[in-house]
Amino acid sequence: MSAKKTLSAEQRRALLATPAGWLACGFGSGLTPVAQGTFGSLAALLPWLLLRELPLPIYLLVLLLGFGVGVWACNVAGRAVGVDDHRSLVWDEFIGQWIALIPLLIPALLPANGFAWWMLPAGFVLFRLFDVWKPWPISWLDRHLKGGMGVMVDDVVAGVFAAIVLALGLYVL
């Protein structure tokens, strides 16, 4: 397997030796042997259940701060493991997933009967679809941006795409 897909014991120790590493690997959710991005996105749903109670402006501020901290953490963690965008770095999935779920926080976008639990897996699947598929400009950003910014930005755009599709889907209901 490539260095981007596996972690040696030494890389794992280096990653978990700092708070930046813990955050970048999604509090351990990115340490699964397979489907790290999917597990990171799933783990992101738990704090989202608390974050969704915030007023929308505060939620957006949390996203902005989470993005900034994520750029730093993923930069530090990438250097620690010696791979710029290692699969174990999944904080970008947290932020991207939270962006994808923004339509569920806007009452005007929800159907007349309000929030239903099927909407959460719909937002999850849409985010994973765009994150894995990487249509343009996501693929371009993924190839051209490096460091912590490169780790974070493509998932932010995937989250925006997923949010738009989710909002359109909610609108037609």
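Q: In this predicted model, what is the handedness of the crossing in which α6 passes α8?
A: In the predicted model, helix α6 covers residues 119-133 and helix α8 covers residues 147-172, and their axes come within 8 Å. The way in which α6 passes α8 makes this crossing right-handed.

Q: Is α6 parallel, antiparallel, perpendicular or oblique to α8?
A: The axes of α6 and α8 cross at roughly 135°. Angles of 65 to 115 degrees count as roughly perpendicular and those over 145 as roughly antiparallel, with the rest, beyond those under 35, classed as oblique. The orientation of α6 relative to α8 is therefore oblique.

Q: How many nonpolar residues has the contact of α6 with α8?
A: From α6 the contact draws on Met119, Ala122, Gly123, Leu126, Phe127, Phe130 and Asp131, while the residues they meet in α8 include Asp154, Asp155, Ala158 and Phe161. By class, two residues of this contact are polar and three are charged, and the number of nonpolar ones is 11.

Q: At what angle do α3 and α6 pack?
A: Residues of α3, including Leu42, Leu45 and Trp48, meet Leu120, Phe124, Phe127 and Arg128 in α6. The crossing that brings these two helices together is right-handed. Their axes lie 11 Å apart, and the packing angle is about 145°.

Q: How far apart are the axes of α4 and α8?
A: Helix α4 spans residues 56-81 and packs with α8 at an angle of about 135°, and the two helices are therefore oblique to each other. Their crossing is right-handed. The separation of the two axes is 6 Å.

Q: How many charged residues has the contact of α4 with α8?
A: On the α4 side the contact is made by Gly66, Phe67, Gly70, Val71, Cys74 and Asn75, and on the α8 side by residues including Gly147, Gly148, Met149 and Val156. By class, eight of the contact residues are nonpolar and five are polar, while the number that are charged is none; in the α4 and α8 contact there are no charged residues.

Q: Which residues lining the largest pocket are the closest to its centre?
A: The largest pocket has a volume of about 360 Å³. The elements giving two or more residues to its lining are α3, α5, α6 and α8, and by class the lining has four nonpolar, four polar and 11 charged residues. Of the 19 lining residues, those closest to the centre are Gly37, Arg87, Glu93, Asp131 and Lys134.

Q: Is the peptide bond from tryptophan 136 to proline 137 cis or trans?
A: Most peptide bonds are trans. Proline 137 has its place in the loop between α6 and α7. The bond that joins tryptophan 136 to proline 137 has omega near 10°, and its form is cis.

Q: What is the phi of phenylalanine 27?
A: Most residues other than glycine have a negative phi. Phenylalanine 27 has its place in the loop between α2 and α3. Although phenylalanine 27 is not a glycine, its phi is positive, at about 60°.

Methods: Residues are numbered from 1 along each chain as its sequence is written. This is a predicted model: local features need pLDDT of at least 70, side-chain atom pairs count only at pLDDT 80 or more; totals for chains, interfaces and linings use all residues. Side-chain values use heavy atoms; hydrogens and water are left out. Axes are lines fitted to C-alpha atoms, for helices over the stretch in contact, and angles run from 0 to 180 degrees between N-to-C directions. Helices (H or I, at least four residues) and strands (E, at least two) are DSSP runs, numbered from the N terminus. A crossing is left-handed if the near helix is turned anticlockwise from the far one by less than a right angle, and right-handed if clockwise. Contact means heavy atoms within 4.5 Å. Ala, Val, Leu, Ile, Met, Phe, Trp, Tyr, Cys and Pro count as nonpolar, Asp, Glu, Lys and Arg as charged, and the others, Gly among them, as polar. On a 1 Å grid over the protein atoms alone, a cavity is a set of points where a 1.4 Å probe fits but cannot get out, and a pocket is an open set with protein on both sides within 12 Å along at least five of seven lines; lining residues have an atom within 4 Å of a point. Grid points are joined across faces, edges and corners, and a volume is the space filled by probe spheres set on the points.
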